[in-house]
Amino acid sequence: MGQFSRFKKPLLVFLTVTFLIFWIRDNGSKTSAADSRSDIAQALKNNQNVKYPPNLLNRYLYGNGEGDARVDPTQYMSWWNKLVYKLTNWRREPRIVIILAANEGGGVLKWKNEQDWAIERLSINNKKSYAKKHGYGLTIKDQTVAKRYSHEYREGWQKVDILRQAMREFPNAEWFWWLDLDTLIMEPEFSLEEHIFDRLNNVTSRTLQDFNPLNIPLDIPYVDYTEELNLLITQDCGGFNLGSFFIRNTEWAHMVLELWWDPALYEQKHMYWEHKEQDALEALYANQGWIRSRVGFLPLRSINSFPPGACSEFQDDKRFFYDDKEKDFIVNMAGCNFGRDCWDEMQHYTRLLEDKNRKWFSRLFH
Amino acid sequence: MVLKPKSKLKSGSKKSWAWSLGISKLDSLQRALKKLTPLQRKSISILTGFTLLVYFLSSLFQLRSGSGKVYPVEHGYYQNEIPASRQFIFPYIEHGSVLREIGIKGLFTLRTELNGESKFVLNTQDKPLSDDEKKKTTDQILLVKRSFLDHGKLVYRKESNHPEIVIVTLIDFENYPVDTIVDIVQNRVDYAQRHNYGVYVRWIQEFIPLLKSQNPHASYEYIKPLIMRAAMHAFPQAKYLMFVDQDAVIMKTNLPLQQHILNPKILELGLLKDKPVVPNSNIKTYKHFQTAGTKIIVPQGPDGVFDLSTFLVSTDLYGKAFLEYLIDPLFMDYDWPSFESSLGHLLQWHPQLLKRTAVVSNKIIAATYDPVKGFAAPGPDAKPVMHYTEGDLVISLKGCKQRGSCASDINTFYAQTRK
């Protein structure tokens, strides 16, 4: 073994250098078209030192433009900039990031009382422990009333701004999960991969055939259902519900977040669109095929089940309401501040959560 | 010097030791099996068989549930489609005069809405006339009407040698004589044939049911994104689409677009940087525009207004989003002063689109014809001019309607390209 130790150092150096080269070059994207097509690989080779591609038809040189690619933050960086970027960012690169919208209103329009603070604390702790358990990222965003959203045309815009901000913050994350504050994860053991992403095609429905409370036209031109899913939402009794939804970090998502809100649309409809960004998305979904091609619908109870108080006109419809025996993942106390008691509901479900997750041995001490 | 692995063990000894280990393990297993009673052996074999059965059954069921969901195939405004046999898709131009006789009321069904308004409607489930039926009918009017309605259902699905670029044009049987329309279409086909491009031509009257005003002449500009999106669907593997107005003629038919506007170096030359998107706007085009990422190319006249005599759109996500936003009824039916202003609005409000839109001088792809100044090429020392001169790719006859010379201008300039 003595002779071998002579090679140890050079071998170590060699391995480190190899690792660094691969690490810096890896931008986390899927294997590009160049790997499977020799002609594209050749074109790439020929053009490496040329500032311009031969012509704009050569899409593969600059991402395929189909909207699948994640926007790569290191795209235009030199290799040492990439290294610095990677070294400073290597710790926070989770694949799934939870965005929790807290501090709604920020106490500007009314005092935040003790109960409001308590709800916030409970909800945040619930997500924190969940994210920690499964290694997801968590970013808590402040939804305080800001002047730039106070114009009636801009009211619903904050959610989109927060999403874009989070996408800048976690450029390498793949999925973002938006959660309202009034939600509680009831089954912390469920991982999102097992619950949703590994069986995406089985749990989602791409059309509104089975459940269409808004009577959106089912068939519109230019919808390509073979494209991958980038936005997973749920519908409650009144239509789209954005209290809990997933959006994938792709070019498509960046485009949708950009076009979601447009003053020309909003000006015509702001008197009718009570749910602001929800209605705006419904309008885009109703008319534009490129958006419909990548939206999938999850059953409400899979990520967004309601307490009995919400959608109260539909009390007999089991599709909406939380059922702890069937292990619903999340409860969303949507609209609890409209004539219901948020604190009461929060307490009820926190207690239930504790009961459900009590270990058998803890019973010995009671 | 040859490097040899230095090992105290003799070569091969390690290997044989590993082998003996494996064999000894197998031996012990066999011995253990022999020790079992017949009952134990039976139960083990039953268990193994059962596990295998469950495994195969479960894989079977998984297959079934995976393919359970069937979604509709992508289609245009019509649900039924007809495969096109050639990459030059244009209507029967000789039907123009008959179509004029039939009139719009004979072509579409008029439906009266609840509020008393009557509108032409598109029958999206309309079934195309089959070849057998075509042979059987002797009614010429019906055949003309059917070919008008079926034209929008054509889709070019051939995969081999699929054109990468498609030239798109709208034609109008109400205002143009058949000869002029023939010249317009032949010009596009000449150009496309030379460079293996596709051609997609449709009557503006086909789009009447999709317009709020239901007047194809007043809303002519709004039809442009509609036909562009339809062309994108009709040529699924094309990469760029170029719209060429009917009042424009492609003059330099030997110049392929790949060596012209789609070449980033040439594009860079025509690019308008740091110019207001619409006149007097605070929003300006990007100073450091990345030509390699261009998805939309829109010309702007010297007056700072978009000149949509020609424009190009890529067929990927950005092109789709751009066109489908423009043709979204909610957006299209907003009270815009003009189509140019709706386009200006979209680009000004959405930097994701603006940063991929090359706003170019109209001289480079849609040079306007100036009858006063003529079209003689300027000498080498002359100042650069903005109107059409010989050697430009496309001549735009903008303003010929006011002059009343569209048909004659098209004839003259088309004749020039045939020389």
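**Close-up 1. A:I21 in helix 1 of chain A.** In this predicted model, A:I21 lies in helix 1 of chain A, which spans residues 5-25. A:I21 is partly exposed, at 46% relative accessible area. Together with A:V13, A:V17 and A:F22, A:I21 makes a nonpolar surface patch. The patch covers about 400 Å².

**Close-up 2. Strand 5 of chain A and its cover.** Strand 5 takes in residues 231-236 of chain A. Of its 6 residues, 6 are buried. A:L231, A:I233 and A:Q235 point one way. A:L232, A:T234 and A:D236 point the other way. Both sets are buried.

**Close-up 3. The partners of strand 5 in chain A.** Strand 6 (residues 239-248) of chain A runs antiparallel to strand 5, with 5 bridges joining the two. These two strands form a hairpin, with 2 residues between them. A:D236 stands opposite A:G239 of strand 6. Strand 7 (residues 295-298) of chain A runs parallel to strand 5 and is joined to it by 4 bridges. Here A:L232 faces A:G296 as its opposite residue.

**Close-up 4. The disulfide of A:C237 and A:C311.** The sulfur atoms of A:C237 and A:C311 are 1.8 Å apart and form a disulfide. The torsion about the S-S bond is about -95 degrees, so this disulfide is left-handed. The pair links distant parts of the chain, 74 residues apart. A:C237 sits in the loop between strand 5 and strand 6 of chain A. A:C311 sits in the loop between helix 13 (300-303) and strand 8 (330-332) of chain A. Both A:C237 and A:C311 are buried.

**Close-up 5. The disulfide of A:C336 and A:C342.** A:C336 and A:C342 are bonded, with their sulfur atoms 2.0 Å apart. The S-S bond has 95 degrees about it, and the link is right-handed. A:C336 counts as buried at 1% relative accessibility. A:C342 is buried too, with a relative accessible area of 14%. With the bonded cysteines of chain A numbered in sequence order, the pairing reads 1-2, 3-4.

**Close-up 6. An open sheet in chain B.** In chain B, 7 strands form an open sheet with mixed pairing, in the order 2-7-6-8-11-10-12. Strand 2 (88-89) and strand 12 (357-361) stand at the edges, each with a single partner strand, so one side of each has no neighbour in the sheet. Strand 6 (residues 165-171) and strand 8 (residues 240-244) run parallel, joined by 4 bridges. B:I165 stands opposite B:Y240 of strand 8.

**Close-up 7. The disulfide of B:C400 and B:C406.** B:C400 is joined to B:C406 by a disulfide, S to S 1.9 Å. With 85 degrees about the S-S bond, this link is right-handed. B:C400 and B:C406 are both buried. The count over all chains comes to 3 disulfides.

Terms used. Residues numbered from 1 in each chain as written. Chains lettered and ligands numbered in written order. Predicted model: local features only at pLDDT ≥ 70, side-chain atom pairs only at ≥ 80, totals over all residues. Heavy atoms only, no water. Patch = residues over 30% accessible without salt bridge, like charges linked within 9 Å, V, L, I, M, F, W, Y side chains within 5 Å. Areas by Shrake-Rupley, 256 points an atom, 1.4 Å probe, with all protein chains shown as cover. Salt bridge = Lys/Arg side-chain N within 4 Å of Asp/Glu carboxyl O. Buried < 20%, exposed > 50% of the residue type's maximum accessible area, 1.4 Å probe, protein only. Pairing = 2+ DSSP bridges. Disulfide = S-S within 2.5 Å.
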